[in-house]
Amino acid sequence: MASETAHPASSADAGRPVVYLEDLAVGDQFRSGEHAMDEAQIKAFAAQFDPQPFHLDDAAARPTLFAGLAASGWHTAAVTMRLQVTSGLPIAGGIIGAGAEVTWPRPTRATDVLHVVSEVLQIQPSKSKPDRGMVTVRSETRNQHGDVLQVATVRIVVPRKPGASAFMA
């Protein structure tokens with residue numbers, strides 16, 4: 001990935017700047033804030049949404065391919081979404097997904113501190129809905145060591161600035 005300085009992370013307060021379709025360019029990058037995982041979070045999420053032994057019990061997880069307690073991939077995805085919404089992708093109107101491909105190359109552990117680095121891959125103004133477009137973003141959820149734990153390539157609906165022309169320069 002290119003430099004991560006195109007759009008610095010900002011807080012989720014009301015003063016957080018937002019971006020519209022016209023503000024984005026292929027190659028733009030965004031870096032979120034951080035979220036510290038822990039064993040209690042992993043087990044609580046798993047108990048409610050993905051109650052498999054390798055997400056619930058370290059001893060039960062040891063003989064599995066995870067070789068120890070691992071967060072559900074869906075837990076990693078949920079944390080990723082929170083990071084994107086609160087400090088990652090400042091899309092006007094919110095992050096509205098239209099499809100995605102998600103992979104988990106490495107397990108998320110209780111000691112991991114997650115952050116998300118996203119890059120704009122494609123911008124496609126809508127021909128039938130002049131008030132919006134589709135943006136393809138590749139996001140890597142990384143731990144404190146830079147290990148990539150999740151890769152999500154997502155198409156999101158991004159609005160144009162109010163009153164903006166239907167044609168991008």
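A: A salt bridge here is a side-chain nitrogen of Lys or Arg within 4 Å of a carboxyl oxygen of Asp or Glu. By that rule, Arg 142 and Glu 140 form one, with 2.8 Å from N to O. Keep in mind that this is a predicted model.

Q: Are Arg 142 and Glu 140 buried or exposed?

A: Both Arg 142 and Glu 140 are buried. They also belong to a salt-bridge network that takes in Arg 138.

Q: How many salt bridges turn up in the whole structure?

A: The search finds 8. One of them joins Lys 161 to Asp 23, at 2.9 Å from N to O. Lys 161 sits in the segment after E6 and Asp 23 in the segment before strand E1 (29–31), so this pair ties together parts 138 residues apart in sequence.

Q: Which residue does Arg 62 meet in a salt bridge?

A: That's Asp 58, with 2.8 Å between N and O. Arg 62 has a relative accessible area of 48%, so it counts as partly exposed. Asp 58 is partly exposed too, at 28%.

Q: What share of the residues is buried?

A: Of the 169 residues, 36% count as buried. As for contacts, take those with a separation of 6 or more: 70% of them are between residues 24 or more positions apart.

Q: Let's talk strands. How does E5 pair with E6?

A: Strand E5 (residues 132–142) pairs with E6 in the antiparallel sense, over 11 bridges. Within that pairing, Thr 136 has Arg 155 of E6 as its bridge partner.

Q: What's in the turn of that hairpin?

A: There are 5 residues between E5 and E6, and Gly 146 in the turn has a positive phi of about 90°.

Q: Which residue other than glycine has a positive phi?

A: Ala 67 is one, with phi near 55°. You'll find Ala 67 in the loop between helix H3 (58–61) and helix H4 (73–88). Its relative accessible area is 45%, so Ala 67 is partly exposed.

Q: Back to E6. How does E3 sit against it?

A: E3 and E6 run antiparallel and are joined by 7 bridges. Val 102, which lies in E3 (residues 96–103), stands opposite Ala 152 in E6.

Q: Now Gln 150. Where is it, and is it buried or exposed?

A: Gln 150 is in strand E6 (residues 148–159). Its relative accessible area is 2%, so Gln 150 is buried.

Q: Which other residues is Gln 150 in contact with?

A: Leaving aside neighbours within four places in sequence, the list includes Gly 73, Thr 76, Val 102, Trp 104, Pro 105 and Glu 140. That brings back Val 102 and Trp 104 from the nonpolar patch, and Glu 140 from the salt-bridge network.

Q: Last one, Ser 32. What does its side chain reach?

A: The backbone nitrogen of Val 116, at 2.8 Å. Ser 32 is in the loop between E1 and strand E2 (35–36), and at 2% relative accessibility Ser 32 counts as buried.

How values were computed: Residues numbered from 1 in each chain as written. Predicted model: local features only at pLDDT ≥ 70, side-chain atom pairs only at ≥ 80, totals over all residues. Heavy atoms only, no water. Helix = DSSP H or I, 4+ residues; strand = E, 2+ residues; numbered from the N terminus. Buried < 20%, exposed > 50% of the residue type's maximum accessible area, 1.4 Å probe, protein only. Contact = heavy atoms within 4.5 Å. Patch = residues over 30% accessible without salt bridge, like charges linked within 9 Å, V, L, I, M, F, W, Y side chains within 5 Å. Areas by Shrake-Rupley, 256 points an atom, 1.4 Å probe, with all protein chains shown as cover. Pairing = 2+ DSSP bridges. Polar contact = N/O pair within 3.5 Å; in protein donor to acceptor, adjacent residues only side chain to side chain.
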